[in-house]
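Dear colleague,

Here is the structure I promised to hand over.

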Amino acid sequence: MNLIEISNLTASYNGHVALEKININIKEKEFICLVGENGSGKSTFIKSIVGLHKQDKGIIKTKIDPSQISYLEQFNVKSLDFPATVKEIIMTGMQIKKSKLFYTKEDYIAFDEICNTLRIKNIVNKKIGELSGGQRQRVLLARAMINKPKLLILDEPCSGLDVKISNKLYGILLDINKELGTTVVIAIHNVDELNKINEEKKVKIRVIHIAKNLKFDGNLLDWKGL
Ligand code: ADP
Ligand code: MG
């Protein structure tokens, strides 16, 4: 089943064309790596899907409820420095479905689960500003994942993280795709690292290479690189 159907998408900024005539369907349970050099249009593509950038032309059909989509924007985690605790930040991920006046027992169970998965249980009462870059990124990921979205869209979640932590994140994303059937779309620089982690997990990875136009769309095994 298609979750998102994109046909003939063209998007620009004040006449500067960032994406041109893109046709892509995103299906249930897929693991998609969105690749391309800096400025090739990955973020614009993602923002168009989640409704943050209005396309010039084309149709984007969303076949699932927006509450089932989580999006983590390309972000400099260093700027995340305000006096909220990790727990407070992650729990706001529960507000996506509907604004809640209080959290239920089930919400807190989901919180414990995601903190276990992302190995951040020991830091839940810390202020976000006290954490390392890798910890902050995992907190944002927990916030995006706590609602068990059907579609998880991450814009370069590993930029600025060291290889060890990136690899841990890749492992987690591959696992939730395999175990929960979550569709993952990740804009990524180094597909090789993810592919290494995938050697034992054997998830089928689809690569979409964008450079304004669609350059490649297929299995990672058939992709020749940028
Ligand atoms: P990527 O995420 O692959 O690095 P982007 O989607 O951010 O690429 O950018 C695609 C093109 O659109 C680039 O040429 C970039 O300079 C331009 N662009 C992106 N965001 C803006 C913006 N807010 N205003 C003007 N131009 C932008
Ligand atoms: Mg980008």
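A disulfide is taken here as a pair of cysteine sulfur atoms within 2.5 Å. By that criterion the structure, which is a predicted model, holds zero disulfides. The sulfur of Cys115 is 18 Å from the closest cysteine sulfur, that of Cys158, which is too far for a bond, and the sulfur of Cys158 is likewise too far for a bond from its closest cysteine sulfur, in Cys33, at 10 Å. Cys115 is buried (under 20% relative accessible area, with exposed being over 50% and partly exposed in between, for a 1.4 Å probe and protein chains only), at a relative accessible area of 1%, and Cys158 also counts as buried, at 11%.

Turning to ligand 1, the residues around it (a heavy atom within 4 Å) include Tyr13, Glu37, Lys42 and Ser43. Helix H1 (42-49) and strand S2 (16-27), both DSSP runs (H or I, at least four residues, for helices; E, at least two, for strands), each supply at least two residues of this shell, and H1 gives the most, with three.

Polar side-chain atoms of His16, Ser43 and Thr44 lie 2.8 Å, 2.9 Å and 2.5 Å, respectively, from an oxygen atom of ligand 1. The protein covers 62% of the 560 Å² of accessible area (Shrake-Rupley method, 1.4 Å probe) that ligand 1 has on its own.

Residues are numbered from 1 along each chain as its sequence is written, while chains are lettered from A and ligands numbered from 1 in the order in which they are written. Local features need pLDDT of at least 70, side-chain atom pairs count only at pLDDT 80 or more, and totals for chains, interfaces and linings use all residues, with side-chain values using heavy atoms and leaving out hydrogens and water.

Best regards

Terms used:
Polar contact = N/O pair within 3.5 Å; in protein donor to acceptor, adjacent residues only side chain to side chain.
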